[in-house]
Each structure stands twice: as structure tokens, then as C-alpha cells.
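Here is a walk through one protein model. Take it from the whole fold down to single residues.

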Amino acid sequence: MENFKPTRYTLVNVASGREFDDEGWMLEDPQAKEPALIRTQYAAKRIEVRDEKTYGIYRFCDWLPIRRMLRGSHAPVTYRSVGLAGHLGLKNLYITFSGYFPKIGAEMTTCSFKETEAYNVCARRADDERRVLVVASAGNTARAFAKVCSDNKIPLLLSVPEDNIGALWFEEPLDPCVKLIAPKTGGDYFDAIHLSDLALRSPKFFAEGGAKNVARRDGMATTVLSAATTIGEIPDYYFQAVGSGTGAIAAWEANLRLVGDGRFGNKRMKLMVSQNVPFVPMYRAWQADSREMLPYDAEQARADAEAIDAKVLSNRKPPYGIRGGLYDALKATDGDVLVATNEEASEARRLFEELEGVDICAAAGVALATLIQAVEAGKVDRDKIVMLNVTGGGEKCFQQGKKLWYLKPHRVFPLDPDPAEVAAALEQLFE
């Protein structure tokens, strides 16, 4: 890996088709006439999958927009289900597991597929970058970025709702290069984003970029690359719970690259994405066949976010309607948006642990609950290849017998903070 050369690729505006070079940390097309995602176009049309033990997630480096490889990464693991498949009557159920489950070779110690994002976003960062990376998160993304940045001494400012900081657990204390700010109790992910936007007014910081960052999406796309290269072909159905929908967009983009490779068939996976009742803004927009998100009162949204078990799914302003976003991905794949209650997701989690032998996170429980619904409703051909993207699991397995360390906020702000107060506080944090 010491001789690794940066991956060769260009960027493409999804709406206009304009191709251009990546001049650094580009999050959009500077010549765009309308809001649109940009997408990577790799020089390697066929992917060479490398050894996981040596390369970790970078085994898929042909299709990752990276400058270097960071230490400590692991790739998602795909295996063919027996227990859950038999229970559901599915002949070809494959589980792509991102988490901690040594029995199958899964060793992501944050127990979340957000590691797929963090290792690639940080590996895209320039060698001479002196600014502080800013990441807003509902929980799991922050845990992944905190670990990766701490291990690799990359300055990081996290913004996470105070109600969600229980998700910021670690095996050992983090390097002081990682700092945490939080909107006070009662705030949600949107409030965390607002707080991070205030930080970004200073030239000392730069935005990770969320769905606009091709390294984030292509990192998440490794779940589908894991599945297709393990199975030998593109799955027919793809199930995942979504907060922003970025993972599903990434799955669609991976699908297109795999078709271009030519060795995995020419199918377009049917994207079956899910939300946790009562926080279902994308479901409501999809049911109305609306590219635009429908009005959602801020106080109601906060209350709904508080009511769901899968807090990581509580994004009020996802990349849904933007060109190349989730709406387009669903249309292109004849997909659907499904919903599950806390109770249905909880039962699905219990079932998974009983039949597959490991605990899964609340969001993955939502995805499984909707898979169960879809099978019972006849929306899934039981003979076809079904991919269940388990976006997090193994927390109980990993934490057993360990004394955990929790990252505490360096500063908590009101929900409508004074920009000057935020600026002054951050100056002190990163003196």
C-alpha cells in the first residue's frame, strides 16, 4: 500500500453531463445551471477487488476517489442467509453486514456502515490541508468520523444533537484533534446542521459535504460492490433504511458502474428504502409523486424525530429532489419507499439476532421490518436475489466486557444560537 497512487477519475454533472477534473475538495460543478449532484467517472471500467486483510475497505480502491489509504479500515461483508432466508421463504437472500461480527469476518469497531464514508472522505483530503473538517451527524456518522480522524490525527469538529451523544462511545479516549459541539436537548439533526453551518463561516473550517461529497457516496457504494462481487451478479432487490437516502443513491451509482464493468449482468436493482414512523418525510413526498419535499413544521419534525427509535433516520432536508438524488434513483430503478413502526423494527431486530446470531441497530431493524412486510405482501419474488443492507450491528458483541469511553460536548449551544457566540467559542476550541 505504500506504493499506492491516487485513483484516476473525473467528475460529471449528473444533470448536464459536463465532465471536468477534480481540482481538490469539489462538492459541485462550478458551472452548474441548476442544483445537481456530481458523480465520479473512473479510469478503471472494470474493478479489481484486492485482498481484504491487507487493504480493508480500500480493496475497492479502483472505484474510490482517494489520494491515500488510511490505517484501520474494514470492508462490508456479504454472506448468504440461511436462518432468516428460511424463515421468510427467500431462496436467495444475501445480507451485507457492516458492523462487528467476527464469525463472518466483519470487524468494523464502530459497528456502523458510516465507517465506509469516513475512511474514504478522509482519504480524499489533501496532504497539505490545514483547515478543520466539519461533520454534522445524528450519531453514527460522528462516531465513525471521530474514530478515523482520531486514529489518523486529522482535525475534526463534530456537531451532534445533545440528545444523541449517547451514540458517541469508544473503546478508548480519542485524540484531542477531535472536538464536539451540540445543540441543546430538544434539538435534532437539522439543528446540528445549522450549528455546523455557523462554524463554516470561518475560513478555519471546511465542510465534509454530506451527499455532495463523492467520496462519501462511493464509500457507501462498497456495500453493493461487496454484494455483487460475492454473489457474482447484481442483486434484484436492495433493502435499506434511509435518513438522507445517500446510501441508496450510492447503491444506484454502484449498480450503474457494475453494469459498465460487464461481468455482473445488466440489471437495475429495485431500491426498496424505508423510514421509521412517524418521521417519514420522504415517504410522504414519494407517495405524492413529488420531487420536492412536502412542508414539514419544524416543531412537529422535532417531535417526530424524538419519537422514533432509529434516530439516525431523522434528516429533515435530505438530498431527495436534487438532480441525481433519491427521487431520481427510485424512478430509475422502479423503487419504493416503505415504512415501519418502532414496534415492527424492534421485533425484526429480535428475529435477526435469533436467526442470524448477532444484534443489529435500530435502522437495520427498520429495513428488515419492511423486507418482511414486502415479502408478506407479495412485492418480492421469492426466487430472486435480495440484498439486505444491514447498516449497523454487533454493538452488544463488541461492547461485551469492555469499559467504554464517551465523547462529551466541548460546548452546548441553544437551538437559535448567536453566530458571534459560536464563532468566539470555536476560536477557543481550535487555538
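A polar contact here is a pair of N or O atoms within 3.5 Å; within protein, one must be able to donate a hydrogen and the other to accept it. Keep that cut-off in mind for the side chains below. Note too that this is a predicted model.

Start with the whole protein. Its secondary structure comes to 15 helices and 18 strands. The radius of gyration is 20 Å, close to the 22 Å that the globule rule gives for 431 residues, so the protein is as compact as a globular protein of that length. Along the principal axes, the C-alpha atoms fill a box of roughly 60 × 50 × 45 Å.

Of the 431 residues, 60% are buried. Take the contacts with a separation of 6 or more: residues 24 or more positions apart account for 72% of them. As for charge, the protein has 54 positive and 59 negative side chains. The centres of the two sets lie 3 Å apart.

Next, find R68. This residue sits in the loop between α1 (52-55) and β4 (77-80). Is R68 buried or exposed? Its relative accessible area is 18%, so R68 is buried, because buried means under 20%. The side chain of R68 makes a polar contact with the side chain of D127, at 2.5 Å. A polar atom of the R68 side chain also lies 3.4 Å from the backbone oxygen of A123. Leave aside the neighbours within four places in sequence, and R68 is in contact with F4, Y58, C122, A123, R125, A126 and D127.

Move on to helix α5, residues 189-199. At its start, a side-chain oxygen of D188 reaches to within 3.1 Å of the backbone nitrogen of F190. Which residues of this helix are buried? They are Y189, D191, A192, L195, S196, L198 and A199.

From L198, step across to A420. The two are 222 residues apart in sequence, yet their C-alpha atoms are 9.0 Å apart in space. A420 is found in helix α15, residues 419-429. With a relative accessible area of 52%, A420 is exposed, whereas L198 is buried.

Last come some points of backbone geometry. Most residues other than glycine have a negative phi, and most peptide bonds are trans.

V277 and P278 are joined by a cis peptide bond, with omega about 15°. P278 has its place in the loop between β14 (270-276) and α9 (281-287).

Another is C111. Its phi is near 65°, a positive value in a residue other than glycine. C111 lies in the loop between β7 (106-107) and α3 (114-124). At a relative accessible area of 2%, C111 is buried.

Then there is D289. Where is D289 placed? Look in the loop between α9 and α10 (298-307). Phi of D289 is near 50°, again a positive value in a residue other than glycine. D289 counts as partly exposed, at 45% relative accessibility, while C111 is buried.

Notes:
Residues are numbered from 1 along each chain as its sequence is written. This is a predicted model: local features need pLDDT of at least 70, side-chain atom pairs count only at pLDDT 80 or more; totals for chains, interfaces and linings use all residues. Side-chain values use heavy atoms; hydrogens and water are left out. Helices (H or I, at least four residues) and strands (E, at least two) are DSSP runs, numbered from the N terminus. The radius of gyration is taken over C-alpha atoms; the globule rule is 2.2 Å times the number of residues to the power 0.38. Buried means under 20% relative accessible area, exposed over 50%, partly exposed in between (1.4 Å probe, protein chains only). Contact means heavy atoms within 4.5 Å. Lys and Arg count as positive and Asp and Glu as negative; His and the chain ends are not counted. The place of a charge is taken as NZ of Lys, CZ of Arg, CG of Asp or CD of Glu.
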